[in-house]
Amino acid sequence: MAGSGHVFVVGAGFSGLAAALALDRAGVRVRVLEARDRVGGRTLTRWLTDGTQLDLGAQWIGPTQDRMYALAAAHGVGTFPSAAYGTPLVLRDGGRRHGPPPGTDALLAALDALAGRLDPAAPWRAADAPEWDRATLTGWLAGTARRPETARYAGRLLAGGLLAAAPDEISVLQLLFYLASGGGTGSLLGMAGGAQQDRLVGGPAELAGRLAAALPAGSVVCGAPVRAIAQDRSGVEVRTERDRFTGDAVVVALPPALAGRLWYEPALPALRDGLTQRMPMGSAVKVHAVYPEPFWRADGLSGVATTVDGPVTETVDNGTPDSTRGVLTAFCYGDEARELRRMSPAARRAALLDALAAGFGRSARHPDDLIEYDWSADPYTRGCFCGAPTPGAWTRYGPQLRRPVGRIHWAGTETATRWAGYLEGAVLAGERAAAELTALL
Ligand SMILES: Cc1cc2nc3c(=O)[nH]c(=O)nc-3n(C[C@H](O)[C@H](O)[C@H](O)COP(=O)(O)OP(=O)(O)OC[C@H]3O[C@@H](n4cnc5c(N)ncnc54)[C@H](O)[C@@H]3O)c2cc1C
């Protein structure tokens with residue numbers, strides 16, 4: 001298995017591409033092996049005939065996501081602000097309201113204060129980590145919120161909106177890690193001034209394509225699903241369905257759940273495998289409802305709505321500046337997303353349109369189209385937005401997340417300490433894995 005001077009990167013999402021670019025810049029010969037016939041991973045853009053841009057995967061970047069803004073600028077991809085016209089709605093108490101349930105702001109502030117006591121590079125070391133890791137977000141909210149409606153609203157917004165999970169699927173420690181990693185609830189949940197501030201012209205997939213094109217010709221091999229990684233003292237062998245590649249080291253830039261499905265020789269340490277068994281992907285449905293025009297704007301509505309009940313947790317106006325079409329994008333998470341997947345297509349459509357009509361009136365029942373991509377069904381993603389440790393997993397397995405195993409180094413947004421789960425986290429994690437290797441090689 002003598003090393004060939006190459007480093008292999010498994011996965012051409014933002015993390016793998018950022019790792020490859022950093023390695024290339026450091027003079028390391030690098031090859032990226034990508035399962036799909038395209039790069040970009042959890043990003044995908046579709047265009048309507050009139051030029052409306054629909055981002056079916058990741059779409060937003062925001063302040064402090066400096067590497068993403070820098071990469072976009074360096075590779076000639078512009079940004080534009082998210083649509084911001086009128087008033088946001090909260091659907092609660094059986095009607096349309098203009099503010100969240102009483103006590104929501106205090107709950108968010110309490111969580112931000114707790115997150116301030118935690119180092120996102122080592123959440124398991126926080127003094128209260130064992131207690132926070134045992135507690136689910138559902139339990140914490142039930143014991144802290146004054147009203148059940150407030151607990152329900154906050155649970156859907158935080159576990160759902162941030163991690164596409166049900167609030168009893170995540171620990172308080174995981175939520176606090178996420179808040180610490182993304183700069184707190186204001187930063188994570190905000191539109192202007194927050195993580196949903198800007199979009200990329202052409203979508204993130206356009207930028208991914210340009211990152212791949214900036215690598216030396218032939219560096220990215222698409223249609224090459226990696227099945228196995230073997231290593232010994234002299235090198236690594238990365239096996240796809242058709243080929244075997246030998247090199248010095250490998251960066252695995254996959255979500256942990258998928259990294260755990262590769263075959264490793266020798267077998268990975270038990271603690272590392274235990275970690276990947278406990279980091280399931282979230283479950284989100286992101287549906288674009290496309291209308292002839294953004295009719296809600298005439299009513300002074302922003303298209304942003306959050307909810308206490310029903311299949312849709314939140315909506316946004318996803319129109320693009322150069323298009324006259326209206327796009328309301330609905331997000332459904334955790335149990336609601338799973339329930340939608342169990343429905344017949346007709347029942348699912350009816351459930352989604354009922355939910356949109358509750359916020360935006362009868363016109364919402366008549367979109368020209370409902371467009372989505374099922375990331376959970378895709379074998380090379382299997383869920384979204386990201387993988388997250390189950391309750392109890394951070395304190396038992398957390399230190400394994402970034403610890404290299406011999407010649408195997410780990411990237412992917414889930415391994416980031418800042419903006420974990422986001423495009424920015426993916427880039428930072430890829431660059432961190434590349435730095436580990438350049439220091440070694
Ligand atoms: C619907 C949705 C909305 C989102 N919204 C946002 C947002 O607005 N802003 C934001 O910042 N983030 C958002 N995210 C999250 C963001 O997409 C991810 O954080 C980011 O894309 C992760 O990049 P990555 O490189 O770590 O992983 P991935 O993008 O998953 O890349 C992994 C790559 O590995 C490949 N692969 C898988 N298995 C193999 C194998 N066996 N061999 C070789 N290759 C393999 C995959 O095809 C993929 O290309 C969203 C995600 C989704 C799905």
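Let's start with Thr185, which sits in helix α8 (residues 185-189). Helices here are DSSP runs of H or I with at least four residues, strands are runs of E with at least two, and both are numbered from the N terminus. This is a predicted model, where local features need pLDDT of at least 70, side-chain atom pairs count only at pLDDT 80 or more, and totals for chains, interfaces and linings use all residues. Residues are numbered from 1 along each chain as its sequence is written, and side-chain values use heavy atoms, leaving out hydrogens and water.

Is Thr185 buried or exposed? With a relative accessible area of 6%, Thr185 is buried. (Buried means under 20% relative accessible area, exposed over 50%, and partly exposed in between, using a 1.4 Å probe and protein chains only.) Leaving aside residues up to four places away in sequence, Thr185 touches Leu108, Asp112, Leu158, Leu179 and Gly190; contact means heavy atoms within 4.5 Å. The C-alpha atoms of Thr185 and Ala109 are 8.0 Å apart, although 76 residues separate the two along the chain.

## Two sides of α5

Now look at helix α5 (residues 137-144), whose buried residues are Leu137, Trp140 and Leu141. They cover an arc of only 95° around the axis, so they lie on the same side of α5. (The arc is that of the directions from the helix axis to the C-beta atoms.) An α-helix has 3.6 residues a turn, so residues three or four places apart point the same way.

On the other side of α5, Ala142 and Gly143 are exposed. The buried residues of α5 pack against α3 (104-115), α6 (148-163) and α7 (172-182).

## The enclosed helix α6

Helix α6 has 14 of its 16 residues buried, so it is largely enclosed by the rest of the structure. After α6 comes Ala164, which has a positive phi, near 55°.

## Where α1 meets α15

Helix α1 (residues 14-25) packs against helix α15 (residues 423-440) at an angle of about 35°, and their axes are 7 Å apart. (Axes are lines fitted to C-alpha atoms, for helices over the stretch in contact, and angles run from 0 to 180 degrees between N-to-C directions.) Among the residues making this contact are Phe14 and Leu23 of α1, and Leu423 and Glu431 of α15.

## Thr320 in a loop

Finally, Thr320 lies in the loop between β18 (314-317) and β19 (326-333). Thr320 counts as buried, at 6% relative accessibility. Not counting residues up to four places away in sequence, Thr320 touches Thr52, Gln53, Phe80 and Arg199.
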